[in-house]
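Please open the model in your viewer and keep the sequence panel beside it, so that each selection can be followed in both places.

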Amino acid sequence: MRLKLSTVLLYFTAIVLTLIIIVPLALLIGLAFSKSQVTIEGFTLDNFNFIRNGILFQENPVYSKLYPNVYTVTVNTMILALGNMLLVVLISSMAAYVISRYSFRGRSTLLGTFLVIHGVPASVLLIALYFLLRQLNLLNTLAGVILVRMSVDLPLGVWVLKGFYDSIPWDIEIASLVDGTSRLGAFYRVMLPLVTPGIFAVALFSFLSGWGEYIFVYTFIQSQTNWTLSLLIRSLVGEMGGINLALIAALSVFYLIPVIVLYVVGEKYLVRVTIGGVKG
C-alpha cells in the first residue's frame with residue numbers, strides 16, 4: 001500500500017520536530033555525566049556531588065563560598081513557582097467566571113485590554129516595574145517577583161478559563177440555583193469541578209512560568225539569599241575565568257526534574273484540553 005505524499009511529509013515533519021527536542025536534551029544529559037568539563041567524554045557522577053549537601057565546588061573552599069546553597073536556591077524557585085501558580089489560579093478562576101457569566105459595561109474592553117497586556121513584552125516594563133517595586137518596598141524580595149510574574153500570566157489564565165466557563169451550559173448552573181444553592185455555592189460546587197481540566201492547565205503553565213523565570217529575578221533580586229536556580233545557573237557562565245559546562249549541565253538536569261515530573265503526572269489531563277474547553 002503506497003503512502004500518500006501528505007502522510008510522508010507529516011511523518012517527516014514529526015520526526016524533525018521530535019529530533020529538535022530530543023537531541024539538545026540528549027547532549028545536555030551526556031555532558032552532565034561527562035568526565036570532561038567542556039565536552040562529552042567518559043562517564044562520571046562527580047558533577048552531581050552538589051546533591052549531597054547543596055554545595056557547589058566542594059573541592060575548592062574559596063569558590064564554594066561565592067555561591068549560595070543549591071537547596072536554598074531550589075526552595076526559592078519553588079516558592080516563586082507555587083506562589084505564581086496559586087495567585088494566577090485563584091484570581092483567574094474568579095475573574096473568568098464573572099466575565100463569562102455576567103454582562104456589564106466595558107466587558108469587551110476589559111477582554112481586549114487583557115489581550116493587549118498579554119502581548120506586551122515583559123522587557124519593556126522592567127524600568128517601570130523596578131520603580132514600582134521600590135516604592136512598595138518589594139524590591140529584592142520574592143514576593144515582588146511573584147506579583148510581577150502573576151500580573152504577566154494572569155491575562156492568559158483569564159482567557160483560557162473564560163473559554164471553559166463559556167462551554168458549560170447555563171442549564172447546569174440554573175438547575176443548581178433552583179435546588180437552593182446560592183450563586184457562590186454554585187460557583188464552588190458546580191462550576192469549578194466542571195472546569196478542573198482548565199484549572200489544571202492554567203496551574204501547570206503558571207507554575208512552569210514561575211519555575212523558569214529569569215529576567216524578573218535578574219532585574220529585581222540582588223541578594224544571593226533570594227536567588228533562584230535560573231540565576232544560579234547564569235552566574236556559573238563565564239565565572240572564575242572559564243566555564244565548567246559539565247557542572248552547568250548537571251545543575252540544569254537537576255533544574256529539569258520537576259518539569260519532567262509534572263509532564264508525566266499531567267500529560268493525561270493536558271491532552272483533553274483545548275483553548276476553549278474540554279474535548280473527549
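What follows is a list of selections in order, each with a description of what is there.

**The whole chain**

Begin with everything selected, and keep in mind that this is a predicted model. The chain has 13 helices and two strands, and its C-alpha atoms fill a box of roughly 70 × 70 × 35 Å when that box is taken along the principal axes. Of the 280 residues, 39% count as buried. If you look at the contacts in the chain with a separation of 6 or more, 71% of them are accounted for by residues 24 or more positions apart.

**Helices α4 and α10**

Now select residues 70-101, which form helix α4, together with residues 196-211, which form helix α10; these two pack at an angle of about 145 degrees, and their axes are 8 Å apart. Their crossing is right-handed. On the α4 side the residues that meet α10 include Thr-74, Leu-80, Asn-84 and Ser-92, while on the α10 side Ile-199, Phe-207, Ser-209 and Gly-210 are among those that meet α4. What kinds of residue make up this contact of α4 with α10? They divide into 12 nonpolar, seven polar and no charged.

**Helices α5 and α7**

Next, select residues 107-119 for helix α5 and residues 142-166 for helix α7, which pack at an angle of about 130 degrees with their axes 8 Å apart. That angle makes α5 oblique to α7, and α5 passes α7 in a left-handed crossing. To see the contact itself, show the side chains of Arg-107, Leu-111, Phe-114, Leu-115, Ile-117 and His-118 in α5, and those of Val-152, Pro-155, Leu-156, Val-158, Trp-159 and Lys-162 in α7.

**Arg-149 in helix α7**

Stay on helix α7 and pick out Arg-149, which is found there. Is Arg-149 buried or exposed? Its relative accessible area is 11%, and because the cut-off for buried is under 20%, Arg-149 counts as buried. Leaving aside its neighbours within four places in sequence, Arg-149 is in contact with Asn-84, Ser-209, Gly-210, Glu-213 and Phe-216. Of these, Asn-84 in α4 and Ser-209 and Gly-210 in α10 also belong to the contact between those two helices. Zoom in on Glu-213, whose side chain makes a polar contact with the side chain of Arg-149 at 2.5 Å.

**Helices α8 and α9**

Move on to residues 170-178, helix α8, and residues 183-194, helix α9, where the packing angle is about 140 degrees and the axes are 9 Å apart. The two helices are therefore oblique to each other, and α8 passes α9 in a right-handed crossing. Trp-170, Ile-172, Glu-173, Ser-176 and Leu-177 in α8 meet Arg-183, Ala-186, Val-190, Met-191 and Leu-194 in α9. The residues of this contact divide into seven nonpolar, one polar and two charged.

**Asn-244 in a loop**

For the last stop, select Asn-244, whose place is in the loop between α12 (229-235) and α13 (245-270). Asn-244 is buried, with a relative accessible area of 18%. Follow its side chain to the backbone nitrogen of Leu-247, which the side chain of Asn-244 reaches at 3.1 Å.

Technical notes: Residues numbered from 1 in each chain as written. Predicted model: local features only at pLDDT ≥ 70, side-chain atom pairs only at ≥ 80, totals over all residues. Heavy atoms only, no water. Axes fitted to C-alpha atoms, helices over the stretch in contact; angles between N-to-C directions. Helix = DSSP H or I, 4+ residues; strand = E, 2+ residues; numbered from the N terminus. Parallel < 35°, antiparallel > 145°, perpendicular 65-115°, else oblique. Left-handed = near helix turned anticlockwise from the far one by under 90°. Contact = heavy atoms within 4.5 Å. Nonpolar A, V, L, I, M, F, W, Y, C, P; charged D, E, K, R; others polar. Buried < 20%, exposed > 50% of the residue type's maximum accessible area, 1.4 Å probe, protein only. Polar contact = N/O pair within 3.5 Å; in protein donor to acceptor, adjacent residues only side chain to side chain.
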